[in-house]
Number of protein chains: 2
Amino acid sequence: MKYRPEDLTRLPRSVEYRERTVYLIDQTAIPREFRIIGLKKVDDVARAIKTMQVRGAPAIGAAAAFGLALYANTTKAKTKDEFMDGFYSAYDRLKNTRPTAVNLFWALNRIKKLVEENLESPLDEIKRIIVAEAQKIADEDVEANLRMGHYGAEILPEGRVLTHCNAGSLATVQLGTVGAVLRVMHRDGTLKLLWVDETRPVLQGARLSAWEYHYDGIPLKLITDNMAGFVMQQGKVDAIIVGADRIVANGDFANKIGTYTLAVLAKEHGIPFFTVAPLSTIDMSLKSGKDIPIEERNPEEVLTCGGCKIAPDVDVYNPAFDVTPHKYLTGIITDKGVVWPPFGRNLRKLFRGE
Amino acid sequence: MKYRPEDLTRLPRSVEYRERTVYLIDQTAIPREFRIIGLKKVDDVARAIKTMQVRGAPAIGAAAAFGLALYANTTKAKTKDEFMDGFYSAYDRLKNTRPTAVNLFWALNRIKKLVEENLESPLDEIKRIIVAEAQKIADEDVEANLRMGHYGAEILPEGRVLTHCNAGSLATVQLGTVGAVLRVMHRDGTLKLLWVDETRPVLQGARLSAWEYHYDGIPLKLITDNMAGFVMQQGKVDAIIVGADRIVANGDFANKIGTYTLAVLAKEHGIPFFTVAPLSTIDMSLKSGKDIPIEERNPEEVLTCGGCKIAPDVDVYNPAFDVTPHKYLTGIITDKGVVWPPFGRNLRKLFRGE
């Protein structure tokens, strides 16, 4: 690949492990402060996940894996039985932090399975396996993003790109999904301007995307979500690129609320519209987007903004995600290449390894 | 007409004049507090306009007119010359409050012209004329809204209506433009649910519309602007109705940023889309929406929300309005009836009085 991660970002990994410490970029401090915290206990890692000091599915997965590595390197257990008791307890504590984070369970189970397969090995070897596997989970995430970045930058048109929410470095171990594509384009000189939707109600665009892309020197303009249509009408957007929380077998996908509106606007203005996600985000067990359950969140998120009360106590509707039908989608950028329409057939091919 | 204002709202007029006092609903206190302030000096009225304790073009116009009435009733001028010096000074102070408020200049000039036509009358008669004309400006605004309300309610489908920004009682003397239509529908029992867009960046939907419609017992749900598309996709919106800042000869119209996005979404989902405005909002001197200048406002509005800082100091684009081409519009509800397509021809007919 053309670039290494260090060619693309000045940011460190948002989750790292070294010298018996889990290091996290504290996302609750951004954009006020860029602060890296070092955690030396499993309970601290669990608390950081729970309080969203680390957020974004891939970043949470890596943080949890490193939580197990931290256990392995700091436990005082003398026997293998003692060690395994402590391991399962750490596993449970980390697992019970966020109820719906698929990557969290996936990363924890990947390590648990490996440990259980190697129970006959000496204790020091088991510890080594855990730390190495956690590191591998983080490295693979960066690798996958790097591939998506290169694939995406090859097909996006040169010009002005609009994005929504945060699928950047902060949401992953490093680079991001959308973030990797934008960073490779920026390095190639083909990203002329980035439009950042603020992404109400939780403001991941204003708080996180604006901060991290500005940090990496990408020229950007922040707008409120309802300005996107006007910017497109004025001919100031050449492509739209968003992340995905779940992509199903026909190419329909769920993503942060507001994505569907952008898709409709893209169609109306003839603007190419892409989603970026690793293969692990694609759920071939669901046939259509109608099958994806939509989480409705706390009304307080809508009644407040950035901590300020902004509305009287009225009824609120607060869906966290929406579903965009595949007919609005130009292409799906994955870590195994770009999927074009017809999505149903081409996704099946991708999963069969053709 | 079927209803009187008092049948439609529990709110008092947002601007009133009696006993040498201008009474205003203090819009800077909403939604925290419903507070009516009484002003006894012209300077206080000017300050209230400047600090947006009163906002909304028609409400500002009436407040300024009442400012002149207040001058007429409280001046200590003994001679007509003294009186007129003070009158022009009050006129200037009120005029220099908001630079682009068309209704402000229109209301002040209407009274100034009448005074200048009656300079031969006795001083007491001139004072009486000023107070009566200011009252007439306010009364006419309520009358016009009442007519729009009845016309609009006749043509809107029964069901769930979505609105944006605030074109309600608070923006006018009473009832509102959109507000009158919603209130007549509510009284008729045909308004099943009102979807209120929060309307970033200044949140007129969350702060003002949610407050005033809730106050009048209209069932509503508040959403962030980027949820409107998803709500339409789910089949939960039967009509969309918005105000207008300026309508031009071909039916294109400028309104609060985000209106254009709603228009595109309405078309995609086959939902009827209306604007409501008095004839005074229609500017037949401009041929198309491309001729309407768009005000770009302070970046701080986007970087903050309800007083809280929400983003790092990055570049911002902050257009206050957008322009919706007439092809997206189902009908224009005016105080002289509903205008249907073809808008160019039918607006010309309306202005010729056919």
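1. Chain A and chain B are linked by four salt bridges, a salt bridge being a side-chain nitrogen of Lys or Arg within 4 Å of a carboxyl oxygen of Asp or Glu. In one of the pairs, A:E268 bridges to B:K267, with 2.8 Å between the closest N and O atoms. The model is predicted, so local features need pLDDT of at least 70 and side-chain atom pairs count only at pLDDT 80 or more, while totals for chains, interfaces and linings use all residues. Residues are numbered from 1 along each chain as its sequence is written, chains are lettered from A and ligands numbered from 1 in the order in which they are written, and side-chain values use heavy atoms, leaving out hydrogens and water.

2. Polar contacts also cross the interface, with 24 residue pairs found where both residues have pLDDT 80 or more. A polar contact is a pair of N or O atoms within 3.5 Å; within protein, one must be able to donate a hydrogen and the other to accept it, and residues adjacent in sequence count only if both atoms are side-chain atoms. Helices (H or I, at least four residues) and strands (E, at least two) are DSSP runs, numbered from the N terminus.

3. How are the two copies arranged? Chain A is superposed on chain B by a rotation of 180 degrees with 0.0 Å of shift along its axis (RMSD 0.1 Å), by least squares on the C-alpha atoms of residues with pLDDT of at least 70 in both. That is the relation of a two-fold axis. The same surface serves both copies, as 100% of the contact residues of chain A recur in chain B.

4. A:T324 belongs to strand β14 (residues 321–324) of chain A. This residue counts as buried because its relative accessibility is 0%; buried means under 20% relative accessible area, exposed over 50%, partly exposed in between (1.4 Å probe, protein chains only). Beyond its neighbours within four places in sequence, A:T324 contacts residues including A:D252, A:Y260 and A:F273.

How values were computed:
Contact means heavy atoms within 4.5 Å.
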